[in-house]
Amino acid sequence: MGEQTVTGNGAVTGNGAGEGATTAGMTADGAPAGPADVSGAGMSADAGTPGAVAPPTGGGAQSRTADIVPGPGGVMTDEVGVVTGELTLRTEHTEGQVVLRVQYREADEWYAVTGGRASLTDPAGLDAVHTIAVGLLHRPEG
């Protein structure tokens with residue numbers, strides 16, 4: 001690497017070692033460089049998925065819900081055995097665990113789906129788990 005020169009606009013240039021002009025994020029007088037174009041560095045969110053419940057603020061439990069109609073045989077639950085007919089499925093994430101629960105549509109009681117508990121350390125995976133659960137349990141055609 002050859003000698004380098006800092007110019008008045010903060011650019012650093014080399015002298016023959018093949019380096020092009022670069023900036024170090026500051027001008028020669030130590031003041032910060034002007035704003036840089038970092039298009040695409042921000043985040044955006046869509047309006048949401050129908051039937052989904054927005055996560056609460058403050059990092060607490062998150063959940064997603066969907067109305068389902070299971071196939072013949074219904075859904076096995078820990079508390080009451082098999083439930084059939086029009087149900088609501090809720091996929092909950094709290095403290096590193098995801099849990100599936102069902103209720104009869106419009107009812108107050110929720111029942112844990114047998115075998116519907118797993119470790120999920122990253123809550124960002126909740127939507128994927130919910131989508132898979134709906135795909136497996138929603139069988140209106142049988």
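**Close-up views of the salt bridges and nonpolar core**

**View 1. Asp67, Glu86 and Arg105 belong to one network of salt bridges.** A salt bridge is a side-chain nitrogen of Lys or Arg within 4 Å of a carboxyl oxygen of Asp or Glu. The model is predicted, so local features need pLDDT of at least 70 and side-chain atom pairs count only at pLDDT 80 or more, while totals for chains, interfaces and linings use all residues. Residues are numbered from 1 along each chain as its sequence is written, and side-chain values use heavy atoms, with hydrogens and water left out. Between Asp67 and Arg105, the closest N and O atoms are 3.7 Å apart. Asp67 lies in strand β4 and Arg105 in the loop between β8 and β9, so this pair ties together parts that are 38 residues apart in sequence. Helices (H or I, at least four residues) and strands (E, at least two) are DSSP runs, numbered from the N terminus. Asp67 is partly exposed at a relative accessible area of 46%, and Arg105 is also partly exposed, at 28%. Buried means under 20% relative accessible area, exposed over 50%, and partly exposed in between (1.4 Å probe, protein chains only). The whole structure holds five salt bridges.

**View 2. Glu92 forms salt bridges with Arg90 and with Arg101.** The N to O distance is 2.5 Å for Glu92 and Arg90. For Glu92 and Arg101, the closest N and O atoms are 2.9 Å apart. Glu92 is buried, with a relative accessible area of 15%, and Arg90 is buried as well.

**View 3. The charged end of Arg90 sits over the ring of Trp110.** The distance to the ring centre is 4.0 Å. The criterion requires NZ of Lys or CZ of Arg within 6 Å of the ring centre and within 35 degrees of the ring normal.

**View 4. The largest nonpolar core has 13 residues.** Such a core is a set of buried Ala, Val, Leu, Ile, Met, Phe, Trp, Tyr and Cys residues joined through side-chain atoms within 4.5 Å. Ile68, Val75, Val83, Leu89 and Val102 have the most contacts inside this core. At least two core residues come from each of β4 (62-68), β7 (87-94), β8 (97-104), β9 (111-119) and α1 (126-137). The largest share, three residues, is supplied by α1.

**View 5. Val83 and its contacts (heavy atoms within 4.5 Å).** Leaving aside residues up to four places away in sequence, Val83 touches Pro70, Gly74, Val75, Thr77, Val102, Tyr104 and Tyr111.
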